[in-house]
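Student: Please pick a single part of this model and go through it closely. What packs around it, and how is it held?

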Amino acid sequence: MTLYHIWCDLKDGSKDLEFVRAVHAYLGHLKEQGHVQSYRITRRKFGFSPPGLGDFHIMVECENLGRLDDAFALVATRGGRIEELHRPVYSMATHLTTALYRDFPDGEREMKN
């Protein structure tokens, strides 16, 4: 499993529930299209997090890096329905930090006893 992590804050004047609805619409569409296996949206609690990470944390799970790359390629077209769904998300987010992780060990690396 490939895990794409996104941390961000909201731009001034953006509303938290509007942002969450926009993320659900956007990532839900990618999930329906088979590009994303699952996703989760969380929000920092009591201000606890390492320095520099945003208030919101979005975790996107894809079957493999190829699926995530396909999703990125679709979003990069910046057209059609996907842009209609993506625009509200990026227009409300700022201070993005991202990371890419994978299950370990995975099919690329065998665990030997």
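Tutor: Start with tyrosine 26, which touches Val75, Ile82, Leu85, His86 and Val89, leaving aside residues up to four places away in sequence. Contact here means heavy atoms within 4.5 Å. The model is predicted: local features need pLDDT of at least 70, side-chain atom pairs count only at pLDDT 80 or more, and totals for chains, interfaces and linings use all residues. Residues are numbered from 1 along each chain as its sequence is written, and side-chain values use heavy atoms, without hydrogens or water.

The part to look at is helix H3, residues 80-92. Helices (H or I, at least four residues) and strands (E, at least two) are DSSP runs, numbered from the N terminus. Buried residues of H3 are Ile82, Glu83, Leu85, His86, Val89 and Met92. Buried means under 20% relative accessible area, exposed over 50%, partly exposed in between (1.4 Å probe, protein chains only). Their cover includes strand S1 (2-10), helix H1 (16-32), helix H2 (65-76) and strand S4 (93-102).

H3 is kinked. The bend is about 30° at histidine 86, shortly before proline 88. That angle is taken between axes fitted to the seven residues ending at a residue and the seven starting there.

Now the sheet. H3 lies across S1 and S4, at about 110° to S4. H2 lies across S1, S3 and S4, at about 40° to S1. These axes are lines fitted to C-alpha atoms, for helices over the stretch in contact; angles run from 0 to 180 degrees between N-to-C directions. The open sheet has four strands in the order S2-S3-S1-S4, with antiparallel pairing. Two strands pair if DSSP finds at least two bridges between them. S2 (38-43) and S4 are the edge strands, each with a single partner, so one side of each has no neighbour in the sheet.

Last, charge. Glutamate 83 and arginine 87 form a salt bridge (4.0 Å, N to O). The term means a side-chain nitrogen of Lys or Arg within 4 Å of a carboxyl oxygen of Asp or Glu. Both residues lie in H3, four residues apart, about one turn of the helix. Glutamate 83 is buried at 6% relative accessible area, whereas arginine 87 is partly exposed at 43%.
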